[in-house]
Structure formats: structure tokens, C-alpha cells
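Biologist: Before I rely on a model, I would like to learn how to read its features one by one. Could you take me through them?

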Amino acid sequence: MATRFDLSHPPFDLLTPAEAQALSDSADVFFFCDDQEILQVGGAVDSLYLVLKGLVREMAGEEIVGVYGEYETFDCRALATGKTFHKFEAHEEALLCAFPRQEVLALTDKNPAFGAYFFATVSDKFGQLAQKRDRQEWQNLFTAKISDAGFRPPVFVDAVETIVGAARLMKEQRCRSLLVRDGDKTGIFTTSDFRDIVATAVPGDTPVKDRAQFSLLSCDKEDYLFNAMLLMTRKNIHRIVVTEKGAPVGTLAQIDLLSYFSNHSHLISQQLEMATNVGDLAKVARDMDALVESLATQGMKMPQLARLIQVLSTRLMARLWQMVAPPAVFAGCALLALGSEGRGEQILKTDQDNALIVGDGQNEDDVAQAADHFTEQMLRLGYPLCPGGIMVSRKEWRHTTQNWIRVLQDWAWQSQGEALMNLAIFLDAETISGPASWLPVCRDALRAGLSDDATWFSRMALPIEQFPNQKADGGFWWQLLNREENVRLDLKKAGIFPLVHGIRILALEMNIMATNTFDRLEALVSKGILKRAPADDISESLAFLMHLRLNAGLELLRGKKKLTNEIDTASLNMRDKDLLKDALLVVKRFKQTINQRYQLDRF
Amino acid sequence: MPGKLWQSWRRLWRLRHLKEAYRPLLSEDDGALVSIDCETSSLKVKEAEILSIAAVRIEGNRLRTSDAFYTLIKPQRALDHENIRVHGLRPRDFDAGLPLEEALEKFLRFTGGRTLLGYYLQYDIAVLNKHLKPILGAALPNHEVEVSGHYYDWRFADYPDGYIDLSWETIIKNLHIPALPRHDAMNDAITVGMMYLALQARGHSESPALAPVSSSSVSDKPPETGSALPPPPPPPPSRLGQGDFE
């Protein structure tokens, strides 16, 4: 039988049917009028409340610090301590379900997942992310098979081969262990055996079977990685033999285990190197999405995740360019990633922003054909076309160094509208493939051509004001309290763009060459333009906004929907709502800083 | 619903006629209200058999769902299929049911002499009284509160000229309370309790005893206030068919 009260929402969805039934039966219903106090500051709290209807606001003094609507639960912090530090009031007539605190506490003991929900919320905001990652990794450890970890294919050597021959084979095959075939016996011979060989001056022509270990420790390839790890730990060995139906099919080293659990990125980079056609690359691109998903759920921090993905996608694009461009074009052109891809802040494949610096003396038709082909194949790899047409397939984005300098200076001279945004995007460029010295030449020429005209920088900074504060401006909670339908927040407009662009302009003014926003922030701090504390706030806020966008994006991808920058704020949990509010405040303060520095009011 | 004065007089009269054994129990009233609902096998009082009874106390702004009363009652006759479709109780579901007398006994112990609250309560009371009268020697002496009456008063204050729809769904919608699945006595009793809490918050609740209380519950004519005489019974609500009351 279904429970009386709807307990299908977090955290109650973690309860077993029997637990939910018992909890539902222990609940009373309360009704509070508009503005009626529900919990008073410092008062004893004997219940956990679930909102059935209405809205409840959490107040710290006069400031709203939380809003609870239907199916949301409060005050989770008071569950542990038995008293609340904030005042809770009905904002809009609230019908509440009250679960006795003792019953809920008993359930948190009985049901660890349910308990984790509350006590993790109590713990430090960021500490919780780390906990979540630990849990996920432990899960991986218990469910991953040896075959998932990508063990190494075996290199066999005949038993009568000399140890010198074995050493040569290991060097040639770049492996650290050999399987030794001796009739129907199999042994293992590893680099660590050489220590003893040298130490005891064993002659080089000794047959390898005399030094190999024939009592093999092995695991089946379908066995759990965890068992392999246990075996290695127990026997204090560095590698085991992987078998399939008893026959050795490879070796698994401790290092493979480690890298599996840190991330799977080394596998992807191996695949990238081995790819021979676009089909292979498309598979790698899909694996990258899976990697992002897995690392994001493991709680990897955004700047690091973004950079890891940048390394991989840069190589992916370079490999694709190599495949589609004739050798002369490939060697004689510099392929650039622009915008977020250049900054190393594009985690999901939002679009392709790229350009080409064409070497002198290139055949224009060959270059055009290769560029067309590249854009087309990028689409196949999952990079949507750039809506603004910032792609190598368009000749506006293919110039020689000299022409680029002219184009850049022209954009700088116009410094508004499309030209301004083109320039901004180009400021973030990174070389993916081809001569790396051309891009700095373009940039230096641009920088040298800029007068230190304050008005010019002001005009460049102006776009941070193009999305007014209306939605982001602290009114976020009010918007929820007013029950505005579908409170959607465009993260790019509300936060990511103002931060990224403001920092970009500051970096340009300060002649900072870094393209990554987090790097630029560091550089701005070391030049004394920003103080350490606000810079850290900006960097954490940006990372958090990227994290929200990534999660929303992954959700969209799972639903096979198109990526957008919008998130549905109703879907955020309380902790994320809290952090989002903090982040939006940081954005607001930063916009004020930029506004003052460049006196944007005068426009 | 009869006026409060009339109810008080009736209460005294009925208490006097109660069998000795029940008098102390039904005199008890701690001021809490009890929202009740019965599921029955028919909508005609004469034919209706009680299938389940639910009751939940209201204390201030609190609905004591954690300590509510609910029981299934073994039917005397076989249920017809049409009816099973409405309340979703199959014959086998009554295996856990109590015999009628035992269920009523427990119900009385839960409610005591507290004021009873319901939606079209007169019907429930009529069916209960049909069985209780022989046991008690008199009909239930409890005060009765019709939730749709309070709802009427609240709506009437805002829309004195409009037609006031007293249907269950409309009340739920206008009071912004969650819709629990219907035709379960417990859910209906809880819903009525929530309706009452919401109306109470809007200033439409039981005022202290003997204060004049509006009485009209169904028609869209202005409510009669302070009536000392029993007003005519409300026109039969749609749910009741022929409306054959006590």
C-alpha cells in the first residue's frame, strides 16, 4: 500500500517501503497562516517538516536564506542538534507534515543512505563533495571487472631465450614483464628480476626460464578488480597474470589499477594515438563523454576536469585535422581553438569555435577543402556547428598571419558589436596543431596596436552589462517565493559570461597571455590587480557555475536533448541553491568592480 | 446543520436519554474536534451498511494523523460490484475487519463526546445513528460541524452574489490543499481535517461554544445566523440521492 503522505521525494525515497510506511504513520499535519512563525531562533525542534502545500521561508535576521516549497524538507540541520539557528515562517499558507525527530533519527541509524543525506548536509559544503567522490570510488572498486581496467596484452618469450634477449624484447615492446612459455607451463619474468641478475652477476646467456617465476598468481579477466588488488596486497607483488578460461591473456600491474581508479583518461589517450580513421575518433569522442560523466559524478573539481578534457579534445581535434588535411596543409597551417575551447573551459561539446592561420604559399583550394572537411567531421564527432559561424569552414576565419593582424586591428578599431565579440573570442585562442609561434605573433601585433586608451577598454568591458541583473540580482529567492513559473536561470548570462569576460578584459589590459580564466585570475592576483580573497571567490563561483551547467548538460544529454545554458532552479537541492546564491552575489560584486574600474556608467 | 444553541439543547437531551454505561464517555469533551468519515455500501441511509470508519483529531493547528482511528467492518451482506468499484474494497479486504458492534464501540471510545467534523456530515451521522441508537439508547449527542458550511461562509464573505460550489474538488482547489486519493475513509477524514485547518486560518472555525454560528451549508442563499431553531435540512447534496435522513 502506498503511504498516506507522498514520500517519493528525496530524502524519503531512500527509505524501504516498510520504513516509509512507519514514518508516514507517525506523522501529524500542521497548518500555518501567512507569515506565521513555525520555528523560532534557538527553539527546540522536535519534528522534521515536509511541505505538503505552500511555501516556507528561512530567515537569518531580516535576510532570506532559504525557501522550501512542496516536497522539500526542513530543518535538516536541526535534526542533529535539536534546535534551529534560523527562524522559519510560512510565506504562503503552509500545510506541513511533521515527522517526530526521534523517529527520523532512528531511521538514520537503521538506513545509512538516508542518514547520509542529513548528516552530509550538516557537514561542510565542500567536504560533502569529497565524501560523495569517495563513495563513488568505492562503488567502482566493488563493481569494476578486471576486463574494465584494460589490462595489458601479454608478450610471450620462449623459455630457452637468453636473459639478454628477454631484455631486448622488453625494451622493444616497451613492457615491464614477459610471460615465459616452457612446454605447457607458463612463467613470468619481470624487470625486478634484473636487480637480482645484476646483483649476483648472472651471465647474459642464461636461459630466461632459469630466472622466471613459474608459480603464477592470476585472476580471471571477469573477476573483480577488488580481488586483484587484494591478491597484490596480500602477496606484496606488483603484477598478476590475467587469465581467460585458465589461459594467460595479459598482465595487470598495480599502476593499471591506480590509473583506473584515478580516471580512465590514459585509456582514451592511448585510443587517440591508435586511431586510424574518423570512425575510431568518433568512438573516442563518445568515450570522452562517458569519462566526463564518470569524473563529474566522482566529484572531480571543474577547473581540473575542464583542463583534462581540453588536453584530450585538443588531441582529438589535432588527430582529426591530421586525418582530413593533406600533409602539406597539415604542416603549413596552424589550427586554433577559440572561445571556451581555447580557454580550456568547455567540458561538454557545446559547439565548435575554431580558426586557421594559413601559412604563406598554401594552395587556397586545398586549405578550403580540408577546412570544410574538418568542420563536417567535427560534427560527426559530436561538436555542433557554431551558430555564429566561427569555424574554419568559413573563409572569414582563415587568414595568413599578416591578414589576421589586419583583421584583428580592424575588430579592435570597431570595438563594438560582432567585431568586439570576435576579438574577445580570439583573445582566448590556443594553437591545436601546426606552428605554435604564429598565434603569439598575431596577438603581440594586436596588443602593440592598442593604445592605452581607457575609453577603448571601457568599450571592450561593456558587454558584461549586456545582461542586466534582473534575474541574478539577489532576487533569486524572491523569485522562488513569488512562485514564478519555471524559474529558469541562464547560467551563462547570469554568471559565467560576466566573470569570464571581465577577467578577459582585465587580462588584456595587463598584458597577460594566459587564456584560461583560472590562470588569468592567478596572474591578476600576482600583478596586484585583484586581491587574493575576492579572486578565490570568483574562481570558486565560476567553478561552481560550470559545475551546475555541466550537471544540467549531462542531464540533457541523457535525455538526448540539445544543450543549453539554462538550468531549472527548482531542480536544485538546498545546498546547491545556497551555493548558487553565494555565487551570484560574487558575480554581482565583480560586475561592480569592473563597472568602477572602466566607469561603465557613462555609457 | 442545526445551530449551536439547538445543538447544545439536543446534546443535553440526548445525554439524558443515553444508557447509563455510555453517559460518562459521551460527556467527555476536551475541546478538540474529530474529523470523521464512513464508507458505506449505499448512499441511502436505510440500506447503507458501514464498511469502514475513520476519525482523526484536530488540536489547534495540528491534525493528529499519527494517532488516528481507522477500522474496516465486516459487511453483513454481499457487496455489489458497482460499490466495490467506488471504494475499492474487495470482499477479501474485509478479512481484517471487525464486527460492527466492536468497531462502533472503539469508535465511540476514540471520539468520546468531542465535536464531530465532516463533509456532508449529516449523512455519516445518520448512518452511524441507525446502528448506534439501539446500543446507546439515544442518537449521538456530539456537536456537529459541517466543513462545507464554514467553506460557504468564507466564500460568501468574498462573493456574496455568486453561486458557491460546495463540491469536494472545488473546496480542495480553492483552499489549496493537497488532493489525497478519494474513497478511502481515512484519506477523506484527513482531507476534511486539512480543509478545516485552512478555513480556521482564514478565520472560519468553531467559535467558542454558544456563539451564534452560521448554519446554511448547501444553498447559495445567505446563511442564517444566530438561529435558535433548527433550520430546515439542507437540500440533498448530489452525493445523497434521496436524502432520507433520520
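Predicted model: local features only at pLDDT ≥ 70, side-chain atom pairs only at ≥ 80, totals over all residues.

Biologist: How should I read confidence, and what does chain A average in pLDDT?

Modeller: pLDDT is the predictor's confidence in each residue, from 0 to 100. For chain A the average is 83, and 89% of the residues score at least 70. Two stretches of chain A have pLDDT under 50: residues 121–135, with 14 contacts beyond four places in sequence, and residues 470–474, with 9 such contacts.

Biologist: How many helices and strands does chain B have?

Modeller: Chain B has 8 helices and 6 strands. Their order from the N terminus is α-α-β-β-β-β-α-α-β-α-β-α-α-α. Of the 246 residues in chain B, 39% are buried. Sequence separation is another thing to read: among chain B contacts between residues at least 6 apart, 69% join residues at least 24 apart.

Biologist: Now the interface. How many residues of chain B are in contact with chain A?

Modeller: There are 14 on chain B, in contact with 14 residues of chain A. On the chain B side, β3 (62–63) and α8 (185–201) each give two or more residues. The most come from α8(B), with 5 residues. Sorted by class, this side of chain B has 7 nonpolar, 5 polar and 2 charged residues.

Biologist: In which sense do β1 of chain A and β3(B) pair, parallel or antiparallel?

Modeller: Antiparallel: β1 (residues 28–32) of chain A pairs with β3(B) over 2 bridges. Within β3(B), Leu63(B) is the bridge partner of Val29(A).

Biologist: Let us turn to the backbone. Which residues does a cis peptide bond join?

Modeller: The cis peptide bond is between Phe74(A) and Asp75(A), with omega about -15 degrees. Asp75(A) sits in the loop between β5 (73–74) and α2 (76–81) of chain A.

Biologist: And positive phi: where is Lys560(A) placed, and is Lys560(A) buried or exposed?

Modeller: Lys560(A) is not a glycine, yet its phi is positive, about 55 degrees. Its place is the loop between α23 (532–558) and β18 (566–568) of chain A. Lys560(A) counts as exposed because it has 6 C-beta neighbours inside 10 Å, and the cut-off for exposed is 12 or fewer.

Biologist: What about His176(B) and its phi?

Modeller: His176(B), also a residue other than glycine, has a positive phi near 55 degrees. His176(B) lies in the loop between α7 (168–175) and α8 of chain B. With 14 C-beta neighbours inside 10 Å, His176(B) counts as partly exposed.

How values were computed. Residues numbered from 1 in each chain as written. Chains lettered and ligands numbered in written order. Contact = placed C-beta atoms within 7 Å. Helix = DSSP H or I, 4+ residues; strand = E, 2+ residues; numbered from the N terminus. Nonpolar A, V, L, I, M, F, W, Y, C, P; charged D, E, K, R; others polar. Pairing = 2+ DSSP bridges. Buried ≥ 20, exposed ≤ 12 C-beta atoms within 10 Å, placed from the backbone.
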